[in-house]
Every structure is written in structure tokens, then in C-alpha cells.
Amino acid sequence: MNAWFATNFPNVVQQGWFGETGWWTSIVQTLYMTFWSAIFGGIAGLIFGIALVLFDNDGIMPNKVVFNVVDKIVSLFRAIPFIILLAFIAPVTQKIVGTQIGTTAALVPLSVGVFPFYARQVQVALQSVNKGTIESAQSLGSTNWDIISGVYLSEAFPELIRVSTVTLISLVGLTAMAGAIGAGGLGNMAISYGYNRFANDTTLIATIFVVILVLIIQVVGDIWARLIDHGSQS
């Protein structure tokens with residue numbers, strides 16, 4: 001089996017498993033970029049998504065000015081293609097990280113790129129909460145924070161898991177794009193060491209690793225959301 005693999009995938013074997021350009025290094029870099037940009041971008045997206053619901057005309061804290069500001073910020077960054085965003089905020093990345101190249105530098109554009117997408121997902125998830133439940137909480141004298149944490153986030157939790165899963169999958173795609181321009185990871189492996197060197201076997205295996213990562217995220221997200229759904233119904 002090893003001999004067959006070495007014969008049919010010579011470039012994959014040549015890259016090695018460890019080392020600066022090894023497969024394990026690329027996988028760890030992809031996971032690193034995905035995890036931290038999901039944390040930073042996810043927190044920002046959750047805050048903006050909640051704000052879009054709270055300050056809407058139908059929200060519990062209607063404020064047209066604040067809503068329009070938040071909505072325009074989200075729409076603006078959502079409209080910028082990620083490949084352009086990488087160049088657009090490069091000076092900001094340089095100021096924050098001290099460099100524009102590498103996995104850590106990629107966290108800035110990745111976080112900025114994913115937060116508006118997640119904000120819209122959160123907005124849709126929270127808007128699906130039954131209005132009657134919110135009105136009941138208000139009639140019982142619940143504070144705005146009680147409604148946010150005890151009604152919006154609690155009731156929409158299964159849906160938030162689902163939209164978080166979709167966002168993570170989208171983020172994996174963004175890390176591959178960032179990797180293709182020097183941020184490392186499987187995207188860099190597929191393009192720099194695969195496509196650019198006509199090493200189709202390297203591109204194929206890198207793609208397979210990305211697909212496996214996406215499938216794991218999808219399966220875990222689906223199972224978790226299903227468990228939460230069943231738990232809330234019992």
C-alpha cells in the first residue's frame with residue numbers, strides 16, 4: 001500500500017508529514033486560522049447580530065439611528081469580496097500584527113470577513129423567536145438583558161448552532177483563500193505546492209483534507225443542534 005501511494009502520489013510523499021511545509025503543519029495552520037478567526041469574528045458577529053434585532057423597529061429597544069449605523073456597517077463589509085478585503089485592510093493588519101503575511105496576520109482579515117456574514121445569520125436566527133414569548137417576558141417585568149439571554153439566545157440556541165456551523169464551513173473556505181496568498185494552511189499547500197508546480201496529487205490531497213474538515217464540522221454541528229432540539233422539547 002505504501003509503495004502504491006508513493007508511486008501514485010509522489011509529490012504528496014515528498015512534502016512530508018512534518019516540517020515547515022509538511023501536511024501536519026498545513027492542517028494545524030488551517031485549524032489555527034479557523035479557530036481564532038471564528039472566536040474573534042464570531043463575537044463581533046454575535047454582538048452586531050443581536051444589535052440588528054434589538055434596535056429594529058420590531059425589537060425591544062427600537063432605535064432607528066443605531067440600527068441604520070449597525071446595518072450599514074454589516075452591509076458594507078459583507079459587500080467587499082474577501083480577496084479584495086485582504087488587500088484593503090492590509091495596513092490595519094500591519095499595525096495590529098506587525099506583518100501582512102502568515103497565519104497570525106490572516107486572522108485580522110478573516111475575522112473582519114466572517115463577522116458580517118455571521119451577524120446576518122444571527123439576525124435571522126433571533127428573528128425566528130416567537131414574538132409572543134418575548135411579549136410574555138416583557139409583561140412579567142423582565143429586563144432587556146433577561147430577554148436577550150433568557151428568551152432570544154435561549155430560544156434560538158439550536159438555530160444559532162446551525163448558523164454557526166454554516167459560518168464555520170464558510171470560514172474554512174476563507175482560510176483556504178487566505179492560504180493561497182501566503183497565509184499558510186491547506187490553501188497554500190494546494191496552490192503553492194500543488195497547482196503552481198503542476199503537482200495535481202498535492203492539490204487533490206489538500207482538497208480532500210479540506211472536505212474532511214468541512215464534513216466533520218457539518219456532522220458535529222448537526223448532531224449538537226439535534227441534541228439541543230430534543231433537550232428543549234423534552
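At roughly what angle do the axes of helix α3 and helix α7 cross? The tour returns to this pair after a view of the whole protein.

**The whole chain**

Please begin with the entire protein displayed as a cartoon, bearing in mind that this is a predicted model. The protein contains 12 helices and zero strands. Followed from the N terminus, its elements read α-α-α-α-α-α-α-α-α-α-α-α. Switching to the C-alpha trace, one finds that it spans about 70 × 45 × 25 Å along its principal axes.

**Surface and interior**

Next, display the accessible surface. Its area comes to about 12,600 Å², and carbon and sulfur atoms account for 66% of that area. Then colour the residues by burial: of the 234 residues in the protein, 40% are buried.

Contacts between residues may be shown at this stage. Taking those between residues at least 6 apart in sequence, 70% join residues at least 24 apart.

**Helices α3 and α7**

Now select residues 23-54, which form helix α3, together with residues 103-127, which form helix α7. The axes of these two helices come within 5 Å and cross at roughly 40°, which answers the opening question. Angles under 35 degrees would count as roughly parallel, and 65 to 115 as roughly perpendicular; α3 and α7 are therefore oblique to each other.

Finally, show the side chains where α3 meets α7 and colour them by class. The contact of α3 with α7 has 19 nonpolar residues, 11 polar residues and one charged residue.

How values were computed
Residues numbered from 1 in each chain as written. Predicted model: local features only at pLDDT ≥ 70, side-chain atom pairs only at ≥ 80, totals over all residues. Heavy atoms only, no water. Axes fitted to C-alpha atoms, helices over the stretch in contact; angles between N-to-C directions. Helix = DSSP H or I, 4+ residues; strand = E, 2+ residues; numbered from the N terminus. Parallel < 35°, antiparallel > 145°, perpendicular 65-115°, else oblique. Nonpolar A, V, L, I, M, F, W, Y, C, P; charged D, E, K, R; others polar. Buried < 20%, exposed > 50% of the residue type's maximum accessible area, 1.4 Å probe, protein only. Contact = heavy atoms within 4.5 Å. Areas by Shrake-Rupley, 256 points an atom, 1.4 Å probe, with all protein chains shown as cover.
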